[in-house]
Amino acid sequence: MTSKTQGVSPKKGPAFNVFSTGTVPVAEKRRNIRLTTLRKMAGISYDYLMSDIISYTGYIPDDSYFAGMFDDVPVDGVESKMYDPLTESANKGDLLNNKFKLVTTPNKPDPSDPTKQKMDCAMYANDNAPLQNGRANWRKVELSIEVKPKDFQDDPFNDNWPHYPKSSEKRQDNLGQIMTYSILVFDNQNRTHHFTVVIFGTMARIVFWDRSSVIFTEKFNYKAEPHKLGKFLWCYSRLSPAQRGHDTTVVPVLPGSYEHELMLRRAAEPLVVDKNVVGEHARKAFKASVDNKAPCFKLTVPDATGEKTFLVGKPNFIASGLVGRGTRGYVAIDMADEDGPFVYLKDCWRVEHERIRKEGDVLEELNAAEVPHIPTLLCHGDIPGQRTRGPETFKKVYGDEKKCYLKSHQHYRMVVKEVGMPLTEFKNGQELVRVLLDCLEAHAAAYAAGLIHRDISAGNILIYYNDADGTVEGVLADWELSKKVKDDSDEPRQPDRTGTWQFMSVRALNDSRKIIMIPDELESFFHVLLFIALHFMPHNCDNVSEFVSSFFDSAQQRDLDFFCGDKKQSAMKFGQLVNKDEVAIYFLREPIKPIAKVEREPPLDIDPTSQSSTTDVDTTADVVEQTAATSSVEQDVFGPAAPRPSLFPREALHPIHLIIRELLPLFVAYYRIYAPTAVPAGQTPTVAVPNSKDVAKYQALWGKPTPQESDQSAIPPEVREKGALLNTHTAFGSILYRHLVKDIWPENDKQPDQVDPKYSKKEYYVLKRSRLHDDEFEIPSGKRAATGEVAVPRT
């Protein structure tokens, strides 16, 4: 679909992140990675690149030095014939300062790259260069080079940005290709930015990538104007490491050094305190980060009390992506306490905005307020001189002519005391609910202290083993998107949605400007519980990969925006959890063989006057403990639900099933009050009514307002009362607590992950493809790619 709307702020839609279902083929990833660049591009002149971005002030030969430099590169339409002549031309003389060389690597992938992508050519330092036509090495690439044979058909960009005409699929694929190459550079190196040279026939462009933008030059003829490509290579090879994009605050730890020996010793030896071994899960995670061929590093963290140093191995978490926060997580050794407990170091590119606080400042405030079950701040600070330059470049080039949607990102590090485990490492269902209840307590306490989290996800809820008393608790982490409850402005701080797509509320997905409130966060907690239960708990869903994908990943697309998928919206509006075969989903105490076919589960009946059958049926009342009848919080104010076929006896139902069936009516009531509209306010419907005659006919037949549209007075007081229970944490928490302490929980109910890691739904990928050049599109994050403080194996 081609949008005719210009100047409309695009809203972050679903894209691939760590919670997306199954695996993503490289070809699909390349198409979808373009989602991350919607309105994140800026076209510049070659002269602007050289003067303002490269900014080399040393000696540069005059144009005659570069005359004929690339004459030997053939342009007969055969790409493979271009590689060697191009690299050989650049490697002559002292063009690359006798320190670098261009190498052809189109046939053999880097063995450490699971995607097996192969880059045509790249610049390497002489000491790190692979053999000509050898294997690429993403950890050592200095400058990536992509070669295509055709002048126009292979150009991945368009000089008329952002008013792109429709581009061919091939040109769009070429852009996705160079984007995935740049992601591999960012993922495998400590980079502030990166450059790419794109050769297509006789033409070339130079691309600058950082965490805020994709900046590309106008195309130029490197055959007719060899000095342009030549001067870029000359200057680039003479820049400092920081100017070339290396993060110089990260220092390699060399084998045999004191720091490296310390890391190996700490990885191998358990930490003993008062004759007790402590922090084993953290030690094992650290050991995994150094027990490979990945390099080790020494990182510095600026803090108000002074600069602090930490030793880290391979990151145990990377939010892979191009534009966005680029979050990494490390289990680390604090050099101020070499033999002390391991700590957790978070490295990211935070959004720089006057109304967005540093996460460390938020944690410091919450720690002072004694909010439980959150990370304990040790130190934090911005990395000096490491800020993205996309917004600055855009404004210099375009002024007020075009609205800038680019965000400014500042490199930032934070260290916390707790090294936790991902939520997926829970031991059994009871522990899962305990952890969620702890994090709900943290959320409620933070809200009482004046802050709301705004990014509840399965990645931000952690499991922490408390060495002091041997207990397990939940930790609500990742407060970087949090906001004061009483903000001076109701205007969104960013043009994108806030949160992780899979766990966001229906209302938040359908209204990108919605202020996130307690009901949205409680719905996110619900989605986390359902997501984890579908992956790991016994149930009767025989196509769980399909269901998880359609419920959590899918979206509806209109114009430049994405909205909540049908499956999630139906569950919240009607209380239905059914798979594609119309089978009602039940969570069970023990695994069973899938049920082939049953009648569809009817919607919850929200009519308070409806009557219940006395036959053996599964009703909302049936799945609630009898003690709930005496509790004003748990009473079913809808009245008895409509009877539905009983697939399983009550004693076969898992407590998590009972929790879900008791929570769903709260959301049904809430969405009865705040009914999601078919087309969000301010959006233009994608299909217009054909003519005025039809308008009159439809108005006569269907034009009368419904209670959900306008007549809020028609909603029964009982429904309003029940929906209002989501305005505080009390009802939600009471339901979790009661089932936690009164139900009999199976001890060994956790199953191996039931979602197929190789699952691939082509329709889902097509849905999320966006118009590139006819409106081009962080991996959302769903927000960004979802982050957590840790991702370490359970001991």
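Student: Is Cys-404 buried, partly exposed or exposed?

Tutor: Buried means under 20% relative accessible area, exposed over 50%, and partly exposed in between (1.4 Å probe, protein chains only). Cys-404 has 21% relative accessibility, so Cys-404 counts as partly exposed. Cys-439 is buried, at a relative accessible area of 0%. This is a predicted model: local features need pLDDT of at least 70, side-chain atom pairs count only at pLDDT 80 or more, and totals for chains, interfaces and linings use all residues. Residues are numbered from 1 along each chain as its sequence is written, and side-chain values use heavy atoms, with hydrogens and water left out.

Student: How many disulfides are there?

Tutor: A disulfide is a pair of cysteine sulfur atoms within 2.5 Å. By this rule, the count is zero.

Student: Where is Met-123 placed?

Tutor: Strands are DSSP runs (E, at least two residues), and helices are too (H or I, at least four), numbered from the N terminus. Met-123 sits in strand 3, residues 121-125. Met-123 is buried, with 0% relative accessible area.

Student: Which residues does Met-123 touch?

Tutor: Contact means heavy atoms within 4.5 Å. Leaving out residues up to four places away in sequence, Met-123 touches several residues, among them Leu-96, Phe-100, Val-141 and Tyr-236. Val-103 is 20 residues from Met-123 in sequence, yet 6.3 Å away in space, C-alpha to C-alpha.
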